[in-house]
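Let's take a walk through a protein together. Have a look at the sequence and the fold first, and then we'll go from the big picture down to a few pairs of side chains.

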Amino acid sequence: MRSTRHRTIRTTVTASAAAALVLSASLVASAAAPKAHEAGSAPAAQDAALGALTWSDEFDGAAGSAPDPATWNLETGAGGWGNNELQTYTSSRENSALDGNGNLVITARQDGNGGYTSARLTTQGKVQPKYGHLEARIKIPRGQGIWPAFWMLGGQIGNGVPWPDSGEIDIMENVGYEPHMVHGTLHGPGYSGGAGIGASYTHPQGWSFADDFHVFAIDWEPGRISWSVDGNVYQTRTTADTGGNQWVFDQPFFFLLNVAVGGNWPGYPDGTTQFPQQMVVDYVRVYDSQL
């Protein structure tokens, strides 16, 4: 794994945070029209405020079909991925497929030998936005030892710049023993792993995030990133937060979507964990970005 994502020291914030930050950067580009809004998605008025839709994947396609290979790479293999995780990532439709209802489904499964399989998708080299409003509408899986994530890595990581110098933006992570909480974190030189800079967001009713879809987003501009859940901003980080270390987030980043099983932070599945577990992704969208 190119990044080591351990649990960090974070600030807990609830839905009483300030209203969402809207960026002024603009790049007009063509993209597919967004779907009609459903529960857990932002209102149409907010879409208008966000500006131009630069790029999106709405995951429209036949049930059982693969994620669009023009957009998504399927990373494969085992080995713990730097976090002592248990799953083997595969390219099988058993672990990643469209459901025919406009969703991408990433499925973590337990195999007959007691091992686990799952999927890890990236847009590296294909879709690498820089700045803008970036969001995904996701229904996360649940259970002890289950670790879903919607995150980004700096595009330079494939060009000889190692992690964490290349940068990592965790837009949403959840660990199964905290069903009511999600996390957003920055990793960079001098502030990575357990020293990552971030905060957590607690569901306003204390409910599990796996119960419904939610919109996880960042608003990103030079020297500044804000995180939100369902339009509620819960943290903002700037160049002043890196303790004098380099801010490495003024460059293109690519997306990752994955469901890990086990690891240093979430711990491991136990007798309460049920398989299969699914992360259902309604869409990924990029507004007003340099793409």
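This is a predicted model: local features need pLDDT of at least 70, side-chain atom pairs count only at pLDDT 80 or more; totals for chains, interfaces and linings use all residues.

Now for how the chain meets itself. Among contacts with a separation of 6 or more, 77% are between residues 24 or more positions apart.

Salt bridges give you some pairs to look up, and there are seven of them. Start with arginine 285 and glutamate 58, whose side chains meet at 3.1 Å, N to O. Arginine 285 sits in strand S18 and glutamate 58 in the loop between strands S2 and S3, so this pair ties together parts that are 227 residues apart in sequence. Both arginine 285 and glutamate 58 are buried.

Next, find arginine 120 and glutamate 75, a salt bridge with its closest N and O atoms 2.6 Å apart. This one links strand S8 with strand S3, across 45 residues. Buried means under 20% relative accessible area, so arginine 120, at 0%, counts as buried, and so does glutamate 75, at 13%.

What about glutamate 94 and arginine 109? Their closest N and O atoms are 3.6 Å apart in another salt bridge. Here glutamate 94 is partly exposed at 48%, and arginine 109 is partly exposed at 28%.

Terms used:
Residues are numbered from 1 along each chain as its sequence is written. Side-chain values use heavy atoms; hydrogens and water are left out. Contact means heavy atoms within 4.5 Å. A salt bridge is a side-chain nitrogen of Lys or Arg within 4 Å of a carboxyl oxygen of Asp or Glu. Helices (H or I, at least four residues) and strands (E, at least two) are DSSP runs, numbered from the N terminus. Buried means under 20% relative accessible area, exposed over 50%, partly exposed in between (1.4 Å probe, protein chains only).
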